Amino acid sequence: LWKTFAASTVSGMVARTAMHPIDTLKAKLQVQIKGNYRSLLSVAMHTVRSEGAVGLYAGFPTALIGSAPASCLYWTSYEASKKAMFELKFMRDYPSVCHFCSGFMAEIVSCVLWVPIDVVKERLQVQSDLKTKYRGNIDAVRTIWKNEGWGGIYKGYGATIISFGPFTAIFLMLSERFKVMAMDYLNVKSEKEVPFWMFVCTGASSGAIASILTNPLDKAKLRLQVQRATLSQGAEPLFHYRGFWHGLTSIYATEGWFGLFRGAGARMLFQAPSTAISIACFEWIRARML
């Protein structure tokens with residue numbers, strides 16, 4: 001078990017450090033309504049001009065510190081779920097179903113840590129767009145707790161399960177399948193013989209596919225999590241969603257299909273390298289500890 005702890009902790013922190021600026025740009029693209037940003041480049045240029053390069057790393061301390069225990073819980077939950085499910089004959093006969101279900105279970109468990117991290121991180125990332133005022137990571141935590149309590153800290157927990165559950169399930173199902181295909185292609189019998197670059201390729205491709213397919217779910221979740229920030233600080237919210245499904249249908253009603261997938265490119269640019277780094281570090285480090 002300690003091997004999974006070590007591999008998951010390193011992989012989570014490395015992935016978050018490398019990809020946080022893209023995550024910030026993705027959040028800004030998804031939270032807009034009127035289309036002020038035309039592309040990933042335009043939001044990057046606007047952020048740097050108005051906030052400086054430091055604006056790209058808004059919420060980074062929270063994401064970095066939280067990623068270690070959250071990633072550890074995520075991967076250990078996945079491995080434990082996978083081991084338990086493989087005890088069932090049906091799951092052994094259909095391993096992709098096992099990996100899908102194990103991934104979903106891992107997300108349910110790890111969201112106990114991921115949701116508070118995301119709430120604080122995302123509010124800091126988009127506060128210049130929402131006109132909210134947090135002085136930093138610690139101030140954001142204190143303000144959310146003071147004004148909203150547990151409801152604010154865990155805002156969007158159900159929405160996160162609905163959005164990231166399918167993402168994680170699809171990602172890990174494809175990643176496991178691509179890993180088997182890679183081992184067959186390389187004609188190797190052990191994961192230890194798979195080179196690091198191949199894990200990068202399998203992780204990037206599976207993460208890219210999963211991120212595109214689940215972008216509408218992620219967008220509704222993010223808006224639901226940040227809308228309460230303006231309410232708690234006395235400002236008029238950009239969104240008036242009563243819940244996840246109301247948010248999702250409202251986006252479609254007011255912005256159409258294009259609105260549902262606005263920011264999908266930025267999300268893929270974040271998730272593909274992030275999952276590539278995460279899965280490659282995790283698999284490579286763990287294989288060498290076996």
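**Close-ups of the predicted model**

**View 1. Val-48 sits in helix H2, which covers residues 40-51.** This is a predicted model, and we start with one side chain's surroundings. Is Val-48 buried or exposed, or something in between? Its relative accessibility comes out at 38%, so Val-48 lands in the partly exposed class, between the 20% and 50% cut-offs. Setting aside neighbours within four places in sequence, Val-48 touches Ala-53 and Leu-56. For a sense of scale, go to Phe-244, 196 residues away along the chain: the two C-alpha atoms are 32 Å apart.

**View 2. Helix H6 (residues 137-153) has a bend at Asn-147.** End to end, the C-alpha atoms of H6 span only 13 Å, whereas a straight helix of 17 residues would span 24 Å. Quite a few H6 residues are buried, among them Asn-137, Asp-139, Thr-143 and Ile-144. Glu-148, Gly-149, Gly-152 and Ile-153 are also on the buried list.

**View 3. Helix H8 (residues 196-213) crosses helix H11 (residues 264-289).** The two axes come within 7 Å and cross at roughly 145 degrees, and the crossing is right-handed. On the H8 side, the contact includes Phe-196, Phe-199, Val-200, Gly-203 and Gly-207. H11 brings in residues including Arg-267, Met-268, Gln-271, Ile-279, Glu-283 and Trp-284.

Terms used:
Residues numbered from 1 in each chain as written. Predicted model: local features only at pLDDT ≥ 70, side-chain atom pairs only at ≥ 80, totals over all residues. Heavy atoms only, no water. Axes fitted to C-alpha atoms, helices over the stretch in contact; angles between N-to-C directions. Helix = DSSP H or I, 4+ residues; strand = E, 2+ residues; numbered from the N terminus. Left-handed = near helix turned anticlockwise from the far one by under 90°. Contact = heavy atoms within 4.5 Å. Expected span 1.5 Å × (residues − 1). Bend = angle between axes of the 7 residues up to and from the residue. Buried < 20%, exposed > 50% of the residue type's maximum accessible area, 1.4 Å probe, protein only.
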